Amino acid sequence: MSAKEQKKAKRFGMVIDLDKCTGCGACMVACMAENNVPFKKDESNKLDSITWMRVFKLTNGKEYPDADVCYLPRPCQHCEGHDGHSPCVSVCPATATDYSRETGIVSQIYTRCFGCRYCMAACPYHARYFNWWDPVWPKGMEKMLSPDVSVRMRGIVEKCSFCFHRYQRAMDKAHLEGRRELAENEYQTACTQACPAGAITFGDLNNPGHAVYKLKQSPNAFRLLERLGTNTKVYYVSEREWVRRAGDNYLAHEKTGQVAAAH
Amino acid sequence: MSALEEKAKESSDNNGGFAILFFIIGLAASLIFGWVVFPKLLYSQKKQPFDFSHALHNGLVDNGCQSCHFFREDGSYAGVPKLAQCVDCHEDVQGETEDEAVFVNEYVKPGREVPWLVYSRQPDCVFFSHAAHVKSGGMDCKTCHGPIGESESLKPYEENRITGYSRDIWGKNIAGFKSHTWDRMKMDDCSECHVKNGVRQNSVQTEKGACFVCHK
């Protein structure tokens, strides 16, 4: 990569405001519909169900009147590690998952994956899912699938792609109009647009003109399991300290956010 | 040497000769099967709904290939024309060919789309941007599609019985040799050009093209 390209390199990422999230699950639904994610008869079986975007419920474990809950949407965190050395990419024996220096997106190539699930073991965020079965769509529904996302077969791993096909489509239009750069609103993920509370903000973390650039600098911003050095591109924001503390494994004497700053 | 030993020697000589002969026959049969019979078995031949002359149409339109194969406003590529585009000229039977009559009577009049078999159809996992190659890359159609614009009739569509893909993806040559850029269109052929021209070589794993350039 030349210096000029390096300068233009993007790091697409998210900032999710956990104080705004109501846990409605619209992001999960939008994600499944957008990405042709197969569903099962019993979606409550979490060993079998596939949720690229999943909303977790956190509680502070206190009794009324101090009880508090927080909903935490978890897409793939698109770890950068050190120079793209993300946990899943570095262990994949098939080169089926890859880190792009151009977009900062961790890809998953379904036709390349042979289902060893090493990446699933390596992922600290449980963002990867294994297809135990071939997808079965209710009759007629296969005609409603998105042609922009290829469907996955039994025996392979899949995960959130930050709706990369939307980037491809947006770039198509840019090429036609003689541009190489996208405006912020031209490429947005399905979950971002579906969130009724506006809790998710998506954009280029390297671009000072994008909303995420400022939001991630908030003193209330944190990332999940930051001290693993995964250098993720999904930031969370919460004014509540117990929520920020829940983002990592703190010992009782450690201050919130203190250890993370070392990285 | 006793008569018995002599006889044994004679027969073993004969056996050796036969063994070599059978080996050569077997080898030849295997080679013929592998290089001639198998490719024929592997691909089924399908005829297009009716014949079409690119050469004839190319002479009648003003904007070359783009007259019928154009970009949509959103940057996507229209690919094979829909019936609506053909109907402008083909409302009634024009020429005297049988194919023209088939087209008008079976497709134009009942308003049915023509089920063309697309030679260049890539597998489901492939994302190809015509806009990036033609508009930003400045490539011409011929580099990948060959001189299809000069063809006077449509060749039979050969479908791989195992994968269901068109033979144009693997290429005509079963050994995988090619003499033109458009002879094959496998991943290697795409990456060959991408590596040569340094297109988006930003993968951490391979230091070559990232997977999420052509895959979806």
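**Two chains, one walk-through**

Q: What helices and strands does chain B have?
A: Chain B has 8 helices and 2 strands. Bear in mind that this is a predicted model.

Q: In what pattern do they follow along the sequence of chain B?
A: The pattern is α-β-α-α-α-α-α-β-α-α.

Q: What is the radius of gyration of chain B, and what would a compact globule of 216 residues have?
A: Chain B has 26 Å. A compact globule of 216 residues would be near 17 Å. The C-alpha trace of chain B spans about 95 × 55 × 25 Å along its principal axes.

Q: How many of the residues of chain B count as buried?
A: 12% of its 216 residues.

Q: And what about contacts between residues at least 24 apart in chain B?
A: Take the contacts in chain B between residues at least 6 apart in sequence: 61% of them join residues at least 24 apart.

Q: Over to chain A. What does it have in helices and strands?
A: Chain A has 8 helices and 10 strands. Its radius of gyration is 19 Å, close to the 18 Å from the globule rule for 263 residues, so chain A is as compact as a globular protein of that length.

Q: What box do its C-alpha atoms fill?
A: Roughly 50 × 50 × 35 Å, taken along the principal axes of chain A.

Q: How many residues of chain A count as buried?
A: 40% of the 263. As for contacts in chain A with a separation of 6 or more, residues 24 or more positions apart account for 62%.

Q: Now the open sheet in chain A. In what order do its strands come?
A: The order is 8-1-10-9, with 4 strands and mixed pairing. Strand 8 and strand 9 (221-222) of chain A are the edge strands, and each pairs on one side only.

Q: What holds strands of a sheet together, in general?
A: Strands of a sheet pair through backbone hydrogen bonds, either parallel or antiparallel.

Q: How do strand 1 and strand 10 of chain A run, parallel or antiparallel?
A: Strand 1 and strand 10 (residues 234-237) of chain A run parallel, joined by 4 bridges. A:Ile16 stands opposite A:Tyr236 there.

Q: Is strand 1 of chain A buried or exposed?
A: Buried. 6 of the 6 residues of strand 1 (residues 12-17) are buried, so strand 1 is largely enclosed by the rest of the structure. A:Phe12, A:Met14 and A:Ile16 point one way, A:Gly13, A:Val15 and A:Asp17 the other way.

Q: And strand 8 of chain A, buried or exposed?
A: Buried too: 5 of the 5 residues of strand 8 are, so strand 8 is largely enclosed by the rest of the structure.

Q: Back to A:Met14. What is it in contact with, leaving aside neighbours within four places in sequence?
A: A:Pro75, A:Ile200, A:Thr201, A:Phe202, A:Val212, A:Val234 and A:Tyr235.

Q: Which residues have the most contacts inside the largest nonpolar core?
A: A:Met14, A:Ile16, A:Cys31, A:Val106, A:Cys191 and A:Ile200, in a core of 62 residues. Helix 5 of chain A gives the most to this core, with 5 residues.

Q: How many residues of helix 5 of chain A are buried?
A: 10 of its 13, so to speak mostly covered. Among them are A:Phe164, A:Tyr167, A:Met171 and A:Leu176.

Q: What do they pack against?
A: Strand 5 (106-108) of chain A, together with helix 5 (130-136) of chain B.

Q: What follows helix 5 of chain A?
A: A:Gly178, with a positive phi near 75 degrees.

Q: Last topic. How many residues of chain A are in contact with chain B?
A: 26 residues of chain A contact 23 residues of chain B. Helix 5 of chain A gives the most to the chain A side, with 8 residues. That side divides into 10 nonpolar, 10 polar and 6 charged residues.

Methods: Residues are numbered from 1 along each chain as its sequence is written. Chains are lettered from A and ligands numbered from 1 in the order in which they are written. This is a predicted model: local features need pLDDT of at least 70, side-chain atom pairs count only at pLDDT 80 or more; totals for chains, interfaces and linings use all residues. A residue is buried if 20 or more other C-beta atoms lie within 10 Å of its own, exposed if 12 or fewer, and partly exposed in between; C-beta atoms are placed from the backbone. Two strands pair if DSSP finds at least two bridges between them. The radius of gyration is taken over C-alpha atoms; the globule rule is 2.2 Å times the number of residues to the power 0.38. Two residues are in contact if their C-beta atoms, placed from the backbone, lie within 7 Å. Ala, Val, Leu, Ile, Met, Phe, Trp, Tyr, Cys and Pro count as nonpolar, Asp, Glu, Lys and Arg as charged, and the others, Gly among them, as polar. A nonpolar core is a set of buried Ala, Val, Leu, Ile, Met, Phe, Trp, Tyr and Cys residues joined through C-beta atoms within 7 Å.
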